[in-house]
Amino acid sequence: MKNKILVLLLITACALYLFTGCGRHNKVIYEESPDNQEITTITFFGYKYEPENVTVIEQIISEFMEKNPLIRVSYESLKGTDYFEALEKRINSGRGDDVFMVNHDILLELEAQGKVADLSGLSSLANFTDQMQSQFAGQQITWVPTTVSVFGLYCNMDLLKEHKQKVPQTLPEWEAVCDYFVSQGITPVIANNDISLKTLAIGRGFYPAYQENGQEALFDRLNNGEAQLSEYLTEGFEIAEEFIDRGYINREKALHTMKTSDDLQDFVCKESPFMLTGAWAAGRVDAMEPDFEFAVYPLPVRDDGSLLVINADTRLSVNADSEYLDAAMKFVEFFTEAENIQRFADQQSSFSPLRGGRPSEVKEIQPLLSCYESGQTVIGTDDLLRLPIWTLTAKVSERLLEGEPVSDLMKWMDQQAEAERNMQ
């Protein structure tokens, strides 16, 4: 009879050492030890550190090991930018984890270094939606998404009702509502220093290409330098600049506002009717028990309508140099089974990247569904674009909040993009 020992070790610390860096640090270790049988141990490194996220990951790991008792899985996490710095240190030192979470921009570097394994043999690949499949086209498959994240406009429904204002559906309507609140001495839009402005600009700039199914041709031109990012993102960043100049966004405050942290606190304090951030934070806002009704709506950044910026998110990759490739592949395949994907996406107020995945049941994000299902979407970090768009636009947003003009920032962004092309 097998004697199974389950050990859960959860450590939270802030410590600087060679392979992790300083930040919120969680480690979850599961051990399965059947008698007289050799155990394979794989490590899983990620940036999902919130207790509720770790709980779901913990459940998936536990169930995986029940089905695969000769494989032990250890999960460790770090918060924010500390995670990606630690990931690079570990990989560059030869101590990379077997499985790790990645984003679009870091993948460009890891792929160039040959550090991520080919996942084309995973049986779960066929289950991804056509939109997600498009992200794998024409290249080696080095990652798989576990969620589709959405960026939207949080609305304080009670505050809007109190002031007899409606949820805006177009850019002119949004500007009119913002003008009203400014006239009342209220800063209407809470923005953070990372994702708020860049998602607005990316959505506005690339939406026509997606609606015409021309994004592949567009990104090919951008990759080859036949077109410049500024040709498509200037208009969106000019809208962001106008929002700042007209008092819709507090420049100084937004510059020091951390995403899905400081901004959430400001929103629940009823300081503003709107907030620009990821819909995945809806559960966190609800847990903060605001004394008002809120909902997340599509971004009203089109002259004649709204749109959603989405991402193939919480991506998983396998270390090409892993000593236990088969075990790592087996774990990623299990993680991307429909049931596991669904509960992971549900917990994060996100959508499933799989065919037949049901919409998230979080009530505050239900206004996003029709826009999402009708295809009024832009992928913020489309894998067909081989430029670090997320990093570049984040830096543009920060410098815009510091007061630099859009014209100068667009020149800088194009120069950075050209430098990236030359390095590839």
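Colleague: How many residues does the largest nonpolar core have?
Modeller: The largest nonpolar core has 139 residues. A nonpolar core here is a set of buried Ala, Val, Leu, Ile, Met, Phe, Trp, Tyr and Cys residues joined through side-chain atoms within 4.5 Å. Buried means under 20% relative accessible area, exposed over 50%, and partly exposed in between, with a 1.4 Å probe and protein chains only.
Colleague: Which residues have the most contacts inside it?
Modeller: Phe44, Trp174, Phe206 and Leu229. Helix α7, residues 195–211, gives the most to this core, with 9 residues. Helices (H or I, at least four residues) and strands (E, at least two) are DSSP runs, numbered from the N terminus.
Colleague: Where do the numbers come from?
Modeller: This is a predicted model: local features need pLDDT of at least 70, side-chain atom pairs count only at pLDDT 80 or more, and totals for chains, interfaces and linings use all residues. Residues are numbered from 1 along each chain as its sequence is written, and side-chain values use heavy atoms, with hydrogens and water left out.
Colleague: Back to Leu229. What is leucine 229 in contact with?
Modeller: Leaving aside neighbours within four places in sequence, Leu229 touches Phe206, Leu222, Leu387, Ile389, Leu392, Met413, Asp414 and Ala417. Contact means heavy atoms within 4.5 Å.
Colleague: New topic. How many aromatic pairs?
Modeller: The count is 27. Rings of Phe, Tyr and Trp (its six-membered ring) pair if their centres lie within 6.5 Å; planes under 30 degrees apart are stacked, over 60 edge-to-face, the rest tilted. Phe128 and Phe136 are edge-to-face, because their planes are at 85°, with ring centres 6.0 Å apart.
Colleague: Are those two buried or exposed?
Modeller: Both Phe128 and Phe136 are buried. Phe243 and Tyr248 also make a pair, with centres 4.9 Å apart and planes at 75°, so that one is edge-to-face. Phe243 has a relative accessible area of 0%, so it is buried. Tyr248 is buried too, at 0%.
Colleague: Which residues form an aromatic cluster?
Modeller: Phe44, Phe64, Tyr75, Phe331, Phe334, Phe335 and Phe344 form one.
Colleague: And which ring does arginine 90 sit over?
Modeller: The charged end of Arg90 sits over the ring of Phe45, 3.9 Å from its centre. The rule is NZ of Lys or CZ of Arg within 6 Å of the ring centre and within 35 degrees of the ring normal. Arg399 does this over Trp412, at 4.8 Å.
Colleague: Last one. Where is proline 300 found?
Modeller: In strand β9, residues 299–302. Pro300 counts as buried because its relative accessibility is 0%. Its contacts beyond four places in sequence include Leu153, Pro168 and Trp174.
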